[in-house]
Amino acid sequence: IADRTDRSVVAVNSVKTQKDWFDNSVQTSGLFSGIVIARTDSELMILTTGKALENADALKVTFNGGGQTDAVQKRLDAPSGLAVLSVSVTDANRKMLDSATAVELGNSYQVKRGDPLVLTGSPQGTVHSVDYGFASYIARNVSVTDRSADVIYTDGKGNASDGTWVLNTDGQLIGWVTDAFTSEENKGPTMISGISDYKSVLEHMTNGQASPLLGITGAEVTKEVQDQGVPAGIYVTSQNNDGPTYRAGIQAGDIITSVGGNKTETMQEYTAELEKLHAEDSVKVTVMRTGRENAYTPLEFQVTVGAR
């Protein structure tokens, strides 16, 4: 599986131009892994880590066969830490690019505890390295920006900064290693973001479009909590700094009950309403805010949708 999929794995060179003490231009290069996720007659699209784009003056992609070509940023999605690069297919490079196949996208919802996983890309800090492990635990409905997501734990080794792509035994891409839930003090196990929660984001990215952003991290108010008098909706636990909801006046502790006039009692309903919107749209968001004696008051905010 690793050998077959290695045709989809590429090395992404992040080229930076700096000045030395004598004002001479000096180029430095960082090396990251990417994986081909789509191709057309005119374009090859590569998923890579957002770290590859930081302060990059130019991007070059080296394929498994050794050929190298220029790439450009198609779209960056800061909340997920991912980017999509574009390589133009021309008569001059078509033969070289024919060796790069697009990996099939899988369904991370079907991953179960005990399933074997293949980690490719840069799990060992070197492009085209490989490791394997098992899905040892799956955390469901973890709160991330504007959605909930599954996080898969594995004993396999992964490197989030350099890019590590996770495959099932059918060779399908089911996720990528993330460090969004770890810290320097608490490294913990290797964690994988499941692809199925991000397919709409990836679709926007490959089309060069921005995904809509409201910028909250929240959780559904459970039935047990509702029985104690708390309204149904999405409890806002935190917000993106200077994000759309923050600028509109929504606060941590508010409960979002509707977006655009449609109820949002579950995170799926909230995300579905968000996906109907576009950057710069203005949308009415209704919240319930607690006040004196724990009484809840409905408030309406007009929010200008941002871009991920």
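Student: Which side chain does Arg 308 meet in a salt bridge?
Tutor: Asp 77, at 2.7 Å from N to O. The pair links distant parts of the chain, 231 residues apart. Arg 308 sits in the segment after strand 20, and Asp 77 in strand 5. Keep in mind that this is a predicted model.

Student: Are Arg 308 and Asp 77 buried or exposed?
Tutor: Both are buried.

Student: How many salt bridges in the whole structure?
Tutor: A search finds 12. One of them joins Lys 284 and Glu 300, at 3.8 Å from N to O. Lys 284 is in strand 18 and Glu 300 in strand 19.

Student: Why does Glu 300 count as exposed?
Tutor: Because its relative accessible area is 55%, and exposed means over 50%. Lys 284 is partly exposed, at 33%.

Student: What does Asp 150 form a salt bridge with?
Tutor: Arg 140, with the closest N and O atoms 2.7 Å apart. Asp 150 belongs to strand 9, Arg 140 to strand 8. Asp 150 is buried at 8%, whereas Arg 140 is partly exposed at 44%.

Student: New topic. Where is Ser 193, and what is it in contact with?
Tutor: Ser 193 is in strand 12. Beyond its neighbours within four places in sequence, its contacts include Asp 150, Trp 176 and Tyr 198. Ser 193 counts as buried, at 6% relative accessibility.

Student: Back to strand 5. How does strand 4 run against it?
Tutor: Antiparallel, with four bridges joining the two. Lys 60 stands opposite Asp 70 there.

Student: Which residue in that hairpin takes a positive phi?
Tutor: Gly 66, near 105°. The hairpin has five residues between the strands.

Conventions: Residues numbered from 1 in each chain as written. Predicted model: local features only at pLDDT ≥ 70, side-chain atom pairs only at ≥ 80, totals over all residues. Heavy atoms only, no water. Pairing = 2+ DSSP bridges. Buried < 20%, exposed > 50% of the residue type's maximum accessible area, 1.4 Å probe, protein only. Contact = heavy atoms within 4.5 Å. Salt bridge = Lys/Arg side-chain N within 4 Å of Asp/Glu carboxyl O.
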